[in-house]
Number of protein chains: 2
Amino acid sequence: MKEELTIVKVGGKIVEEEDSLKQLLTAFTAIKGYKVLVHGGGRSATRIAAALGVESKMINGRRVTDSDMLNIVTMVYGGLVNKNIVVRLQALGINALGLTGADMDVIRSHKRPVKDVDYGFVGDVDAVNGTLLASLIRKGIVPVMAPLTHDKQGHILNTNADTIAGETAKALAADFNVTLIYSFEKEGVLKNADDDNSVIPYMNENDFKRYIEDGTIQGGMIPKLENAFEAIHAGVNKVIITKATAINGLSGTHIEK
Amino acid sequence: MKEELTIVKVGGKIVEEEDSLKQLLTAFTAIKGYKVLVHGGGRSATRIAAALGVESKMINGRRVTDSDMLNIVTMVYGGLVNKNIVVRLQALGINALGLTGADMDVIRSHKRPVKDVDYGFVGDVDAVNGTLLASLIRKGIVPVMAPLTHDKQGHILNTNADTIAGETAKALAADFNVTLIYSFEKEGVLKNADDDNSVIPYMNENDFKRYIEDGTIQGGMIPKLENAFEAIHAGVNKVIITKATAINGLSGTHIEK
């Protein structure tokens, strides 16, 4: 039987505020079995870009990454946010290793082709080296992954953290029984966006289609759930969408085949 | 017989300028056998600090690291400089892995006690995990080390890159036949600071003492050479002080027991 592995993706807001980061890392530390943390950092990037006089341009909720912004996300995601998480996990007894996709060639991508929109130095993932990650994880190392990849041609590429979590989960599904947890500010996928008690506890793909049709699920939650079902199809055991302080696998919206 | 390992330390100026970085990485790629790169980044830190309105305060040529500056060096050393080197080495076929001392608990340090000067969040190295580094290196991984360490209590500490290179060399001397190369702007240790042709080709400890006494060697070169001899005493085979474009082990000042 395959061993359990939990991959937790945490968004920018949670890792960038002292109190919520502490709560998150304590909850992460309590997860049993093998684990991986994938983080964002968009708010810090926006804040530091503004302080440096660089404008953050977003299209469809996605950051446009020109060369100045690439330097900023490399600093902020790969340095500031990543190393602050690593150093705190080390203090909690977790043997964390901060990684971008360039480190040990862990995640290779290509620059997104320009169609309607030029997102700049943004990478679409080609391959995650699951074998390498699995061997590190089995040694007790906990990868902490920044949302940066590379093209093996010398270019760092800004890559969506949800995508990194999903692709990493798929790559590790061959070696482990993977639970992928997307954590965010809300309790789960809500039936009523204004009511935190309206969490949908369980969803399969038919439910998802129905919820899109009747308008219950819309906006940014749709690509998140599409990523989730794609992961399930690729062998990931379970995807959970939940609050960052409730990543023990019991709360939130559970997505299975 | 122990296998050969070369540790190259490169200063800020070299890794921060496009042309010199390219030359350096090409020369580094050509080094045979196992290798490690240790980098600085002070000039970029100063530049970005200034752009963010944070003053760089230096005492005796060393940076004072308050909490704002700690965030900046974490971003710049751990993110911007480190990942730019890693991604370029990957393009050159080198399986680079960027590390701070916090990653996998590779280098542990303590905050320097305040005596005459309060340097702030600056770490003095306690231990380098040579066994772990050796096992990575034997797998073909090339560590790229940023000048940051941690205290295992949740704090990142700014640490001199020469010290990191020296301590890493000493920790790896048990496993490898280590050559430690300190690269900088000049051809080597010069008899006459204005004459690049006055390189001292070979130096032992008696020579060093004599050169200090007669004033040939002074200023920042003294701690660099003290580090070098300390490494030699701790089992490092050879220390070379040379120009960043001449790291093939043939040029510069060679320091042996």
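Which strands of chain A does H4(A) lie across, and at about what angle does H4(A) run to E5(A)? The points below take this up, beginning with the answer. The model is a predicted one.

1. Helix on the sheet, chain A. H4(A) lies across E2 (34-39), E5 and E8 (142-145) of chain A. The direction of H4(A) is at about 170° to that of E5(A). The helix spans residues 67-91, and E5 of chain A covers 96-99.

2. The sheet of chain A. Eight strands make up an open sheet with mixed pairing, and their order in chain A is E5-E8-E2-E1-E11-E13-E14-E12. E5 and E12 (202-203) of chain A are the edge strands, each of them pairing on one side only. Overall, chain A has eight helices and 14 strands.

3. Strand E1 and its neighbours. E1(A) pairs with E11(A) in parallel through eight bridges. With E2(A), E1(A) is joined by six bridges, again in the parallel sense. Lys9(A) ties into these pairings: its bridge partner in E11(A) is Tyr182(A), and in E2(A) it stands opposite Val38(A). E1(A) is mostly covered, with six of its eight residues buried.

4. A further helix on the sheet. Helix H6 of chain A, residues 161-172, lies across E1 (3-10), E2, E8 and E11 (176-184) of chain A. Relative to E11(A), the helix H6 of chain A runs at about 170°.

5. What is the sense of pairing between E12(A) and E14 of chain A? The two pair in the parallel sense, over two bridges, with E14 of chain A formed by residues 253-255. Within this pairing, Met203(A) has Ile255(A) of E14(A) as its bridge partner.

6. Chain B. The sheet of chain B is an open one of eight strands with mixed pairing, in the order E5-E8-E2-E1-E11-E13-E14-E12. Its edge strands are E5 (96-99) and E12 (202-203) of chain B, and each pairs on one side only. E13 (residues 238-243) and E14 (residues 253-255) of chain B are antiparallel and are linked by three bridges. One pair to inspect there is Ile241(B), whose bridge partner in E14(B) is Thr253(B). Helix H4 of chain B (residues 67-91) packs on the sheet, where it touches E2 (34-39), E5 and E8 (142-145) of chain B. The direction of this helix makes about 170° with that of E5(B).

7. Symmetry. Chain A is superposed on chain B by a rotation of 180° with 0.0 Å of shift along the axis, and the RMSD is 0.0 Å. The two copies are therefore related as by a two-fold rotation axis. Within chain A, Gly79(A) has the C-alpha nearest the axis, at 1.8 Å from it. The two copies use the same surface, since 100% of the contact residues of chain A recur in chain B.

8. The interface. Contacts between the chains involve 31 residues of chain A and 31 residues of chain B. On the side of chain A that touches chain B, the elements giving two or more residues are H4 (67-91), E5 (96-99) and E9 (148-150) of chain A. Which of the elements gives the most to that side? H4(A) does, with 13 residues. By class, this side of chain A has 14 nonpolar, twelve polar and five charged residues.

9. Overall form of chain A. A compact globule of 257 residues would have a radius of gyration near 18 Å, and the 17 Å of chain A agrees with this. The C-alpha trace of chain A spans about 45 × 40 × 35 Å along its principal axes. Of the 257 residues in chain A, 52% are buried. Among contacts in chain A with a separation of 6 or more, 71% are between residues 24 or more positions apart.

10. Glu230(A). This residue belongs to helix H8 of chain A, residues 221-233. Is Glu230(A) buried, exposed or partly exposed? Glu230(A) is partly exposed, because 16 other C-beta atoms lie within 10 Å, and a residue counts as buried at 20 or more and as exposed at 12 or fewer. Glu230(A) and Arg108(A) are separated by 122 residues in sequence, while their C-alpha atoms are 19 Å apart in space.

Key: Residues numbered from 1 in each chain as written. Chains lettered and ligands numbered in written order. Predicted model: local features only at pLDDT ≥ 70, side-chain atom pairs only at ≥ 80, totals over all residues. Least-squares fit on C-alpha atoms with pLDDT ≥ 70 in both. Contact = placed C-beta atoms within 7 Å. Helix = DSSP H or I, 4+ residues; strand = E, 2+ residues; numbered from the N terminus. Nonpolar A, V, L, I, M, F, W, Y, C, P; charged D, E, K, R; others polar. Rg over C-alpha atoms; globule rule 2.2 N^0.38 Å. Pairing = 2+ DSSP bridges. Axes fitted to C-alpha atoms, helices over the stretch in contact; angles between N-to-C directions.
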